[in-house]
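Visitor: I'm new here, so please walk me through what I'm looking at.

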Number of protein chains: 2
Amino acid sequence: MLENYSKEALAAIKKAKAQVGDRIKIVKKGQAYEGLLMPRAEIGDASAIVIKMDNGYNVGIKYEKGTRVEKVAGKTPIPVKEEAAFEVGKEPIKMIRFDSAKPKVALISTGGTITSKVNYKTGGVSTIEKPEELLMNVPELANIVNVSAIVTPFAKMSEDMDSKDWAVIAEAVSKELVKNDAVIVTHGTDTLHYTAAALSFMLKDLGKPVILVGAQRSPDRGSSDAFMNLICAARAALLDLSGVYICMHGTTNDDYCILTKGTRTRKLHTSRRDAFQHLSEDPVAKVWPDGKVEYLAEHTPRNNSMKTSADTKFESKIALLKVYPGSDPAVMDLLIGKGYKGFVIEGTGLGHVPTKAKLSWIPTIKKAFKKNIPVVVVSQTLNGRVNPNVYSNQRILFYEAGATSGEDMLPETAYVKLGWVLAHAKKLDEVKKWMSTNLVGEITERSEVKV
Amino acid sequence: MLENYSKEALAAIKKAKAQVGDRIKIVKKGQAYEGLLMPRAEIGDASAIVIKMDNGYNVGIKYEKGTRVEKVAGKTPIPVKEEAAFEVGKEPIKMIRFDSAKPKVALISTGGTITSKVNYKTGGVSTIEKPEELLMNVPELANIVNVSAIVTPFAKMSEDMDSKDWAVIAEAVSKELVKNDAVIVTHGTDTLHYTAAALSFMLKDLGKPVILVGAQRSPDRGSSDAFMNLICAARAALLDLSGVYICMHGTTNDDYCILTKGTRTRKLHTSRRDAFQHLSEDPVAKVWPDGKVEYLAEHTPRNNSMKTSADTKFESKIALLKVYPGSDPAVMDLLIGKGYKGFVIEGTGLGHVPTKAKLSWIPTIKKAFKKNIPVVVVSQTLNGRVNPNVYSNQRILFYEAGATSGEDMLPETAYVKLGWVLAHAKKLDEVKKWMSTNLVGEITERSEVKV
């Protein structure tokens with residue numbers, strides 16, 4: 001990995017007898033930079049020696065005449081017990097050091113920004129297919145967990161995923177949980193929360209933590225959140241809890257990550273690193289990169305003896321439709337005609353659709369109900385609970401037209417849940433009941449509403 | 001209005017020589033209650049004397065033998081200069097007192113919870129058609145503004161409104177602004193933010209404030225936010241600013257309201273009184289019921305000499321479509337076939353649609369582009385800016401398929417704007433340019449993105 005550096009840079013590194021992962025000091029023009037020696041970035045200046053500094057950022061220091069490289073003895077932060085290759089990839093990865101004394105965690109890499117890099121020709125970012133490269137940049141992981149396997153079922157940007165991909169990931173997680181203490185799934189952020197919700201329903205008898213993690217900026221950018229998110233995910237993988245969680249930045253600073261329930265998280269910013277927020281409730285925990293944890297909500301403890309299986313049956317002929325002033329119910333009519341089996345409607349406010357408007361949704365919803373097609377209503381307000389008993393229009397929607405309240409479920413979670421429920425409960429009454437009942441934390445038990 | 005009280009309650013009120021609006025003290029079982037005497041509630045116990053307490057809440061104190069009613073002299077908070085009837089309604093409303101020394105404000109009532117009441121038979125809430133009833137419960141308004149007219153173009157729950165209603169409201173606002181210093185629009189909360197965005201585009205040369213206000217709980221409930229929101233709206237109507245704003249609770253306490261831009265506000269809770277939030281930026285101001293104001297952002301000052309007109313041309317054949325894993329582009333194909341003239345797509349993350357997924361949206365978007373139909377992409381993350389230049393999939397969407405970035409516009413605002421722009425700019429290039437350009441505060445000028 002060092003050999004890709006320029007001749008002069010490589011000579012200076014060799015002279016210092018430094019290996020990738022060693023702590024080195026680079027002195028240039030009177031200024032000293034200290035950090036872990038990294039492999040050369042695939043792109044960019046070959047004479048820039050890349051080190052990972054203690055603040056988590058990688059910097060490239062261009063080797064010029066007079067630049068001095070020194071190995072810093074006695075401060076290597078990675079305890080090396082043995083070195084091992086990964087199961088995936090032809091080249092053994094020397095960089096990550098296998099520590100059999102640490103809990104075993106499998107990493108399932110599915111693509112996305114966290115395993116992407118900038119293409120400096122086009123200016124765009126695209127996914128890579130070698131997730132090992134990511135780990136090479138986070139040697140600290142070896143201090144926390146024993147990454148026993150890297151599994152790459154596919155590499156996609158998450159906007160290109162669908163329910164088939166969720167099933168593949170669920171199968172991979174289930175398989176890895178047999179031999180590991182936890183699983184970390186790296187994933188694109190665009191639909192990370194949809195996948196987290198899907199895994200929450202698909203993984204049966206889950207007694208260990210499954211941590212989904214992504215990055216808002218690719219790892220080859222100075223400001224990438226990939227490393228800290230991954231380190232926090234490794235910390236979370238060791239906790240005494242079970243279930244599916246998302247681990248991402250809790251603030252725009254690099255202070256801590258938040259661990260949010262797979263069924264209650266939503267991406268709420270295009271670019272900020274703290275885009276993933278836990279709605280209607282507190283996140284489950286704050287997790288710091290150094291391992292400090294602060295629990296903020298109740299959680300189910302770990303039960304390593306449970307045998308997890310993947311129950312991935314899913315009805316994909318479902319749709320999530322948002323209503324708004326002037327919205328056309330013809331789109332729902334079309335999908336009913338195409339054989340769609342269920343609908344989640346993002347209503348307004350407490351759970352409304354245009355009712356007495358010129359384009360009323362009521363006739364179409366009644367039609368669906370007559371065909372035994374469930375119509376679940378959630379709110380586009382994202383926070384708060386649908387309450388079918390407040391307004392006259394709601395009596396028409398819920399009691400005459402047969403819609404079902406999705407309670408305080410997020411629209412995205414309700415959509416995923418409906419696909420799973422339709423594949424498991426065949427009768428309409430059963431589907432309706434399940435959709436209004438909490439299964440895996442997606443619905444908060446009713447309590448006094450704060451007003 | 002007093003005559004509806006029970007014989008015994010009425011006798012006690014008359015004995016105290018108290019009129020509606022007078023400050024009275026009711027002493028019952030050694031406990032004293034002080035507040036402004038209210039008309040009897042239309043529903044409920046006729047022997048309960050209703051007073052508005054200083055905390056803003058109405059309470060009904062059941063008159064029983066031994067209950068004492070006293071008029072509190074010298075503390076009447078309503079300065080009475082003259083009494084006048086309103087323009088609307090057959091019965092002159094004596095309750096609200098006309099003070100010609102105060103700035104003139106017209107109130108346009110359009111329905112919604114703020115003018116609704118509970119039907120205790122069905123348990124549901126429905127809209128009333130006499131907005132004067134609302135004002136009777138807020139005598140404090142007369143201390144702040146001179147409500148010169150109440151206009152009721154229609155009374156609808158806001159989920160039943162469409163672009164035709166926006167045009168009617170815009171015409172009414174424009175007309176009232178000729179003779180008033182400001183206009184307050186009371187409105188249902190479900191689609192309040194859609195209407196606020198519509199008025200922002202439809203009102204031309206707007207030099208005065210137009211304040212939209214609603215309530216999350218109907219005025220006949222003890223916990224209603226209607227009164228404080230209305231009082232704060234009256235305070236906001238007097239400010240030195242122009243433009244379309246929403247005025248609703250800033251917190252779940254009854255401390256202050258926030259004044260948010262009509263183009264940047266979204267309802268983010270089904271039931272909480274602080275459901276309306278200003279996204280991506282700070283609200284324009286905090287407004288306290290006592291008139292205290294704290295500005296949080298820049299705003300355009302008032303210019304009373306501008307002649308406002310309503311430019312309500314609107315292309316209603318447009319749709320707002322949300323993409324998600326498994327979303328079916330057939331709905332967009334259908335609408336293209338039905339002659340739809342433009343689309344706003346709620347993409348994921350930085351502005352993505354399923355691209356290489358089995359159900360790719362790219363062919364349909366290309367088809368729209370070939371037919372000169374604009375496709376504007378915003379983000380379902382609600383916060384942050386679409387950036388078409390980061391990922392490979394985006395190059396396909398924005399550069400090959402011809403989609404337009406909606407920058408950091410809210411999806412709802414982008415939808416409303418597209419309908420207005422399509423009615424005013426006929427060429428596709430012009431539509432695309434306008435949709436990416438700030439017109440009335442809907443797009444934040446590009447700045448360094450916080451990450």
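Guide: Domain bounds here come from an automatic or database domain assignment. This is a predicted model, where local features need pLDDT of at least 70, side-chain atom pairs count only at pLDDT 80 or more, and totals for chains, interfaces and linings use all residues. Residues are numbered from 1 along each chain as its sequence is written, with chains lettered from A and ligands numbered from 1 in the order in which they are written.

Visitor: Which residues does domain 3 of chain A span in the domain assignment?
Guide: Let's go along chain A: the assignment puts domain 1 at 2-71 and domain 2 at 82-310. Domain 3 of chain A then takes 318-435.

Visitor: Which helix gives the most to the side of domain 2 of chain A that touches domain 3 of chain A?
Guide: The centres of these two domains, taken over C-alpha atoms, are 33 Å apart. Their contact (C-beta atoms, placed from the backbone, within 7 Å) takes twelve residues from domain 2 of chain A and eleven residues from domain 3 of chain A. Helices are DSSP runs of H or I with at least four residues, strands are runs of E with at least two, and both are numbered from the N terminus. With six residues, the top giver on the domain 2 side is helix H5 (residues 192-202) of chain A.

Visitor: And between the chains, which element gives the most to the side of chain A that touches chain B?
Guide: That contact draws 68 residues from chain A and 66 residues from chain B. Several elements of chain A supply at least two residues each, among them strand E22 (318-322), helix H9 (392-400) and helix H7 (330-337). The most, four residues, comes from H7(A).

Visitor: At what angle do H10(A) and H11(A) pack?
Guide: On one side Lys417(A), Leu418(A), Val421(A) and Leu422(A) of H10(A) meet Val431(A), Trp434(A) and Met435(A) of H11(A). Axes are lines fitted to C-alpha atoms, for helices over the stretch in contact, and angles run from 0 to 180 degrees between N-to-C directions. The axes are 10 Å apart, and the angle is about 145°.

Visitor: Over in chain B, which strands stand at the edges of the open sheet, and why is one side of each left without a neighbour?
Guide: Four strands run in the order E22-E23-E24-E25 (chain B), with parallel pairing; two strands pair if DSSP finds at least two bridges between them. Each edge strand has a single partner strand, so one side is left without a neighbour in the sheet; the two are E22(B) and E25(B).

Visitor: What is the bridge partner of Val376(B) in E25(B)?
Guide: Strand E24 (residues 375-379) of chain B pairs with E25(B) in the parallel sense over two bridges. For Val376(B), the partner in E25(B) is Thr404(B).

Definitions and conventions:
Contact = placed C-beta atoms within 7 Å.
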